[in-house]
Amino acid sequence: MSTNKLRVGVMFGGRSSEHEVSLMSARSILSSLNPEKYHVTQIGISHEGKWLVGDHVLESMLSGKTEGLTPVTILPAPEQKGLFAMQKHGDKTVIEKISEFDVVFPVLHGSFGEDGTLQGLFELADIAYVGAGVLGSSVGMDKGVFKDVMRANHISVAESRIFLRQDLESNIDEIIDQAELVAKYPLFVKPANMGSSVGISKCLNRSELYEGILDAARYDCRILVEEGINAREIEISVLGNDKPKASIAGEIVPAAEFYSYEAKYHDERSKLLIPAPISEALMNEMRDIAIKAYKAIDCAGMARVDFLLDRETETFYLNELNTIPGFTQISMYPKLWDATGLPYADLLDQLISLALERKQERDKTSREYQAYKIRGKSD
Ligand SMILES: Nc1ncnc2c1ncn2[C@@H]1O[C@H](COP(=O)(O)OP(=O)(O)O)[C@@H](O)[C@H]1O
Ligand SMILES: [Mg+2]
């Protein structure tokens, strides 16, 4: 192994219901990272949350045969940077350092990967990583808090309200009454922290709203009830840290009534139109808003910003911001960059550089509070 190659850990799988989507994204990324530049370590995370390394990790995870792989971990200890193998000796677990990285690329969608939890571990371990930090990741993940931050920044979002699963147990009818006040039907019900349309329902009446809320409550303790918009779906890719850039816009034409899990991953009739057939003025306005939203949540690295464009009024609403968007060769995020002049492999290079730049920037932060100087002034 040449020592001047950058050591990149690519993580995929994970505990969220988007595990399989992550494997698809990782397959594309692994086949496009330039082997001249990068020494890649694959780290697969099982559904149960086991981190695994070894030969052909991705293939093993795809086939479900992970017996030959080695369990590993990283430590939240800056002086112990790297990957540690965990070996069982009787009832003791012994850890042994097996490799180091310069940067980690978490290709994990949803909970425990895209929501700030893993990013928190990287911060504690002092490891550079691709994508948004703890704050941007967690605000981007929670559809309720995200919309509140957008409203505070005067960015239009659909009417919505968060309900708590715990409150359903005591008085579901009252919750349904309140949910009906959010807007007229159709209403969308979503788990606040999810992706890939898991647990999302479009509800046309009270009994569907009832079912929708119970279904969403299976996936999260926070449930969002939202005004349904008769909308076209327009998406923009954003890339960068403090001076992010926006790609041209694309349009999703779902094969189903809305862009459900089936329509996203299993129905080949769902289409991506690049560029989106909208006016240049509207596209530019959306690009500006995409960047404004990105900055508002302190995003970094990348995000795909999704809009709902009202078919009747041409008003647009920001729907969501995905900090680790789908990343296969045919996913919207890289395709929009490709159409804007940045091919897939170059996009990966940029994301890795941005991760290192962000780490450098954060390393400038002083951790020492020089209390004596301030005391000196007032003394
Ligand atoms: N307020 C809404 N009005 C109309 N359609 C919506 C609305 N919210 C979501 N949808 C539809 O549901 C899909 C998934 O919802 P979204 O909020 O994007 O969640 P996810 O994170 O699962 O992608 C969207 O792509 C869109 O087709
Ligand atoms: Mg979406």
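**Sheet and ligand shell in a predicted model**

Author: In this predicted model, R304 has N322 of strand 16 as its bridge partner.

Reader: What makes strand 15 and strand 16 a pair?

Author: Two strands pair if at least two bridges are found between them. Strand 15 (residues 301–310) and strand 16 have 6 bridges, in the antiparallel sense, so they count as a pair by that cut-off.

Reader: Which order do the strands of the open sheet have?

Author: The order of the 5 strands is 14-13-12-15-16, and the pairing is antiparallel.

Reader: Why do strand 14 and strand 16 stand at the edges?

Author: Strand 14 (271–273) and strand 16 (316–322) each have a single partner strand, so each has one side without a neighbour in the sheet. From one strand to the next, the twist averages 30°.

Reader: Which strands does helix 9 touch as it packs on the sheet?

Author: Helix 9 (residues 280–296) touches strand 12 (231–240), strand 13 (245–253), strand 15 and strand 16. The direction of helix 9 makes about 55° with that of strand 12.

Reader: Which residues come nearest to ligand 1?

Author: G195, S197, I229, F258 and Y259 do, out of 21 residues around ligand 1.

Reader: How many residues of that shell are nonpolar, polar and charged?

Author: The shell has 10 nonpolar, 5 polar and 6 charged residues. Gly counts as polar, so G195, one of the nearest residues, falls in the polar class.

Reader: Which domains and strands supply the shell around ligand 1?

Author: Domain 2 (159–227) and domain 3 (231–363) each give at least three residues. At least two residues come from each of strand 9 (187–191), strand 11 (222–227), strand 12, strand 15 and strand 16.

Terms used:
Residues are numbered from 1 along each chain as its sequence is written. Chains are lettered from A and ligands numbered from 1 in the order in which they are written. This is a predicted model: local features need pLDDT of at least 70, side-chain atom pairs count only at pLDDT 80 or more; totals for chains, interfaces and linings use all residues. Helices (H or I, at least four residues) and strands (E, at least two) are DSSP runs, numbered from the N terminus. Axes are lines fitted to C-alpha atoms, for helices over the stretch in contact, and angles run from 0 to 180 degrees between N-to-C directions. Two residues are in contact if their C-beta atoms, placed from the backbone, lie within 7 Å. A residue is near a molecule or strand if its C-beta atom, placed from the backbone, lies within 6 Å of it. Domain bounds come from an automatic or database domain assignment.
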